[in-house]
Amino acid sequence: MQSMTNEATPAPTPMLRAVDLHKRFGAIEVLKGVSLEVGRGEVIAIIGPSGSGKSTFLRCLIHLETVQRGCIEVEGRTLVSTDTGGECRYVADAEIRTICGAMGMVFQHFNLFPHLTVLENLIEAPMTVKGLRREDVVPKAEALLAKVGLADKRDAYPSRLSGGQKQRVAIARALAMEPDILLFDEPTSALDPELTGEVLRTMRELADEHMTMIVVTHEMAFAREVASRVIFMDGGLVVEARPARELFASPEHPRTRAFLENML
Amino acid sequence: MDYVLNILPPLIEGTGVTLQVFVITLMLSVPLGLALALLRLSRIAPVRAAVGGYIWLMRGTPLMLQMLFIYFALPFVPVIGVRLPDFPAAIVAFVLNYAAYFAEIFRAGIQSIERGQYEGAKVLGLSYAQTMRRIVLPQVIKRILPPVSNETITLIKDTSLIYVLAMNDLLRAARGIVQRDFTTSPFVVAAAFYLIMTLVLTYGFQHLEKKYAVYDE
Ligand SMILES: Nc1ncnc2c1ncn2[C@@H]1O[C@H](COP(=O)(O)OP(=O)(O)OP(=O)(O)O)[C@@H](O)[C@H]1O
Ligand SMILES: [Mg+2]
């Protein structure tokens, strides 16, 4: 039901605006002009076949990859723009870091820091990047751990955790930097099926708190129930982008239909 | 036994020289090796190539030759030519040589860290320098402890090469007594000294490895 309220609030400045993104790796063009606008509190699910460019799109948004053409704005601030002559320009490095600071990302393979305990994983960036003092960040980190149900794992090393627990720590770690937008790249794909539930539950709670989220996922149930809009990508293009229940009830494009029939 | 006690003072003095060379070399060549490794992984191709050439030169020629060159030939090299006393000359040679080996160890260690660690750090806002200092290098240390341990044990024995500069290290002290007294027992005592130093090092590295074993990867 929350998803309905999400849809109903159109934001004046979008949280994130990507226009006509083009990305090539050598000779292959992976993004062929992808655009997306995300409003505050929206949950966007990105679905599509393997190799369609979903991960690449997310990685371009948070500057893990650079685009060759297009424009990205985060909360009204320009990260990269392309002029009419096709000249693509990123802002200065310091500005890139500030702008991308509004976003957090959760990876398929967690990317936790193995040499740090769970708590240390959470406080590392607030201390190193924001220069906060340990005693100021620990209570908040502990609260986040409690929120994802891992208060008792505070002093454990990541290698001692199950996949589902690792991913919840990764989510808490991203939240510790207080991002406005969270990107997820297949957060449950590396997990045993019985462990996906706990991660999806955490993500659902975030959606209920109106966190703006962009989630690449193969979990169709999650996309249908939690996402306000679903983007279907194929071949480096957005084929269809519509409110979740519409897209699942009546996919317009034959390729969307074929993909959904395969998934369900 | 009395004889052994008798020859101990000069041997201990020699051990002092050996340990000085060892400690100073280690303290300088490890950071220099790390700097070289980072340059070796630089984005700037000529920098990579220059460091690659340096490492090739240092690992491709005998340490003894390098030491002789720095002591005897360097004074006659135009522009950079300086005449160094024996101890500094030995230190310079050891540091330049061992830095090359440590550079390769660091480089392999840094490259063994998965890309996901860099990406995880980057999306949290860490700069490259912060990522290296806080995330990558602490993990590198754990991975390179075994080869560093090896290299360090080799160094304690390599210090004996300074005999070519006529410095009174442990081995030379022993040899002096052997020639004076016509007995080989000083060699046995010297060997025992090297073994003790190696044992201490081995124990030290084992301790470090245990410390780093608190986390698995
Ligand atoms: N660093 C890279 N270098 C070269 N090619 C790449 C690179 N990253 C991705 N690609 C290619 O880009 C295409 C799109 O990859 P991407 O990972 O974005 O797809 P995806 O939609 O996330 O697929 P999946 O569902 O399998 O994760 C693929 O053909 C992939 O091989
Ligand atoms: Mg992917």
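A search of the whole structure turns up 26 salt bridges over all chains, a salt bridge being a side-chain nitrogen of Lys or Arg within 4 Å of a carboxyl oxygen of Asp or Glu. This is a predicted model, so local features need pLDDT of at least 70 and side-chain atom pairs count only at pLDDT 80 or more, while totals for chains, interfaces and linings use all residues. Residues are numbered from 1 along each chain as its sequence is written, chains are lettered from A and ligands numbered from 1 in the order in which they are written, and side-chain values use heavy atoms, with hydrogens and water left out.

Why might such pairs turn up at all? Side chains of opposite charge can pair when their charged atoms come close. One of the pairs joins the side chains of Arg204(A) and Glu225(A), at 3.1 Å from N to O. Arg204(A) sits in helix H7 of chain A and Glu225(A) in helix H8 (residues 220-226) of chain A, so this pair ties together parts that are 21 residues apart in sequence. Helices (H or I, at least four residues) and strands (E, at least two) are DSSP runs, numbered from the N terminus. Arg204(A) is partly exposed, at 31% relative accessible area, and Glu225(A) is partly exposed too, at 42%. Here buried means under 20% relative accessible area, exposed means over 50%, and partly exposed is in between (1.4 Å probe, protein chains only).

Another salt bridge links Arg255(A) and Asp234(A), again listed at 3.1 Å from N to O. With Arg255(A) in helix H10 (residues 254-263) of chain A and Asp234(A) in strand E10 (residues 229-234) of chain A, the pair ties together parts that are 21 residues apart in sequence. Arg255(A) is partly exposed, with a relative accessible area of 39%, whereas Asp234(A) counts as buried at 16%. The side chains of Arg242(A) and Glu240(A) also meet in a salt bridge, at 2.6 Å from N to O, and both of these residues are buried. Finally, salt bridges that share partners join Lys23(A), Arg59(A), Glu65(A), Arg115(B) and Glu119(B) into one network.

Next come the nonpolar residues. The largest nonpolar core has 51 residues, and Phe184(A), Met203(A), Met213(A) and Val230(A) are the ones that touch the most other members. A nonpolar core is a set of buried Ala, Val, Leu, Ile, Met, Phe, Trp, Tyr and Cys residues joined through side-chain atoms within 4.5 Å. Helix H6 (residues 163-176) of chain A supplies the largest share of this core, seven residues. Apart from it lies another core, of 49 residues, including Ile105(B), Leu161(B), Ile162(B) and Leu201(B).

Elsewhere in chain A, Ala241(A) belongs to strand E11 (residues 237-243) and is partly exposed, at 37% relative accessibility. Beyond four places in sequence, Ala241(A) touches Val230(A) and Ile231(A). The C-alpha atoms of Ala241(A) and Ala45(A) are separated by 9.6 Å, though the two are 196 residues apart along the chain. Glu178(A) is in the loop between H6 and strand E8 (181-185), and His210(A) in the loop between helix H7 (193-208) and strand E9 (212-216).

What makes up chain B? Its secondary structure comes to eight helices and zero strands. The C-alpha trace of chain B spans about 70 × 50 × 20 Å along its principal axes, and buried residues make up 42% of its 217 residues. UniProt, in an unreviewed entry, lists residues 15-205 of chain B as "domain: ABC transmembrane type-1"; UniProt positions are given in the numbering used here, feature names are shortened, and annotations may be inferred rather than shown by experiment. Over that stretch, residues 15-205, chain B is 80% helix and 0% strand, with the end C-alpha atoms 21 Å apart.

Note on methods. Contact = heavy atoms within 4.5 Å.
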